[in-house]
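Please work through the exercises below with the sequence and the model at hand, and try each task before reading its solution.

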Amino acid sequence: MTINQNDTDFNQKENDMNQKGINLNQNGIDINEHVPKREPQRQRYFMSRCKELVQAKERELGRKLTFHDQTFGCQMNFKDSEKLNGILEEIGYVPIDSEDADFVYYNTCTVRENANIRVYGRLGTLKTYKKKNPQMIIAMCGCMMQEEEEVQKVKDVYQFVDIVFGTHNIFKLAELLYECLTSRARIFDVWEKTDLIIEDLPSDRKLRFKAGVNIMFGCNNFCSYCIVPYVRGRERSRKPEDIVAEVERLAREGVVEVMLLGQNVNSYGKNLEHPVSFAQLLQMVEKVEGIERIRFMTSHPKDLSDELIEVMAASKKICRHLHLPVQSGSTHLLKLMNRHYTKEQYLELVQKLREAMPDLSLTTDIIVGFPGETEEDFQETLDIVRKAEYDSAFTFLYSKRSGTPAAKMEGQVPDAVAYERFGRLLKVVGETARERNARLLGKTELVLAEEIDEKDASMITGRLSNNNVVHFKADTSVIGKIVPVVLEEAKGFYYIGRLSDG
Ligand code: 5AD
Ligand code: SF4
């Protein structure tokens with residue numbers, strides 16, 4: 001879907017972009033004159049043009065222009081927002097915590113319905129700010145904007161939204177912003193799909209010592225409940241040399257921990273011109289000097305290879321944590337979910353992992369109330385939680401996403417039944433987590449000190465290799481360092497510890 005509005009003539013197909021681009025804007029300026037056709041040069045060009053406009057505005061107002069982002073959803077979206085923020089900062093906007101800013105964008109999520117509701121709930125408040133500051137620009141992007149009906153709703157109901165773009169063209173923010181600033185037209189530019197991966201654009205990291213790195217985009221799995229393949233498109237892997245170059249740059253900038261990001265990292269590299277497995281990629285990243293910890297997310301159980309288990313077990317840098325979404329313990333439901341494994345196969349995999357890495361922490365995602373879920377199916381889920389002994393689990397009530405096969409399935413579970421099961425599941429997850437958590441009590445573990453504890457400013461919050469959280473007394477000088485911490489109290493999902501003097 002590419003949506004055009006007013007007289008902004010936006011490119012219809014992703015690959016047309018480089019040939020056509022924008023022609024005339026509302027003021028009749030041919031902004032394509034001298035515009036580079038190739039990326040990322042084209043976006044660099046628009047960044048500098050936007051910068052000129054922003055500087056002129058600053059002189060007029062006698063102050064800096066500001067931006068604010070609201071990001072919903074998963075790590076992919078947060079990573080995308082870092083890229084958008086990098087572009088905005090390059091243009092000259094200054095980040096602020098308030099939505100009372102000159103440029104505000106919402107990076108949306110649509111994986112479950114309540115994510116959509118939250119976005120619209122908040123959006124209304126922006127209208128008041130815009131009344132006060134009519135120059136304000138409001139943009140919406142992310143997964144929700146890949147859905148035609150949502151874009152239509154923004155068009156019709158939320159007319160104060162200036163720019164709408166999707167997940168495939170976030171790299172184009174500067175170009176869209178330039179068009180908006182010069183024409184003040186509403187800009188709608190959503191691509192149905194893409195095979196482009198644009199490298200070498202700015203990115204703004206929240207933490208100086210820890211960074212997410214995209215290794216692939218999209219998903220080919222089409223789990224029957226999930227909207228992600230429809231809004232994020234087909235799997236595309238970045239070239240290993242581009243990934244390694246980014247990790248090397250991050251290491252030079254002081255990053256010690258990288259999180260490799262993809263919807264299904266275990267199928268990384270299969271479609272590259274020169275195929276590379278995920279395990280091979282990990283070995284390449286491991287060689288980067290200065291990087292001390294490597295994490296990755298998310299692993300689909302059906303694609304987790306023996307090669308990966310071997311590489312993980314032999315590695316000193318790959319963290320002892322695996323997020324391995326199970327979704328359900330019922331083989332019958334797993335089939336309906338299109339997950340391609342049975343309960344038994346999943347448990348065999350867990351056993352193999354535990355044999356290779358006895359200190360591995362395992363976390364998961366579970367959906368309750370999938371269509372057709374009976375009490376027996378649910379009991380299978382409780383059983384797999386006990387047997388797999390998860391360190392923690394993200395639990396979700398099934399949410400019907402229109403366009404997915406599950407939305408049309410028979411036996412939609414009544415809300416009250418799903419809620420009741422959800423409560424029971426939380427209890428069992430809590431019990432297994434507490435048992436697992438207690439195992440490290442009294443031990444000294446290496447911890448990456450990450451931030452000041454939100455609840456107690458005299459404490460620091462850090463993470464163990466296995467991703468568990470620990471709060472311990474220390475001053476801020478430890479932040480960004482890997483330090484030994486004695487785990488003194490196990491609190492279920494986290495620890496209280498003290499810096500080891502040994
Ligand atoms: N309803 C509930 N949970 C969902 N997830 C994905 N789609 C849905 C849905 N329609 C969950 C899955 C996935 C996680 C990211 O979100 O558990 O692993
Ligand atoms: Fe959705 Fe399944 Fe792809 Fe994960 S693997 S993003 S749950 S379709």
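Predicted model: local features only at pLDDT ≥ 70, side-chain atom pairs only at ≥ 80, totals over all residues.

Residues are numbered from 1 along each chain as its sequence is written, chains are lettered from A and ligands numbered from 1 in the order in which they are written, and side-chain values use heavy atoms, with hydrogens and water left out.

**Exercise 1.** Determine which residues of helix α5 are buried and what covers them.

Solution. Helices (H or I, at least four residues) and strands (E, at least two) are DSSP runs, numbered from the N terminus. Buried means under 20% relative accessible area, exposed over 50%, and partly exposed in between (1.4 Å probe, protein chains only). In α5 (residues 148-157), the buried residues are Glu150, Val151, Val154 and Lys155. Seen down the axis of α5, they fall within an arc of 140° (taken from the directions from the helix axis to the C-beta atoms), so they line one face of the helix. Glu148 and Val157 are exposed on the face turned away from that buried side. The cover over the buried residues, by contact (heavy atoms within 4.5 Å), includes α4, β4, β5 and β6.

**Exercise 2.** Describe the salt bridge that Lys130 forms.

Solution. A salt bridge is a side-chain nitrogen of Lys or Arg within 4 Å of a carboxyl oxygen of Asp or Glu. The partner of Lys130 is Asp162, with the closest N and O atoms 2.6 Å apart. Lys130 belongs to helix α4 and Asp162 to the loop between α5 and β5, 32 residues apart. Lys130 is buried at 13% relative accessible area, and Asp162 is buried at 8%.
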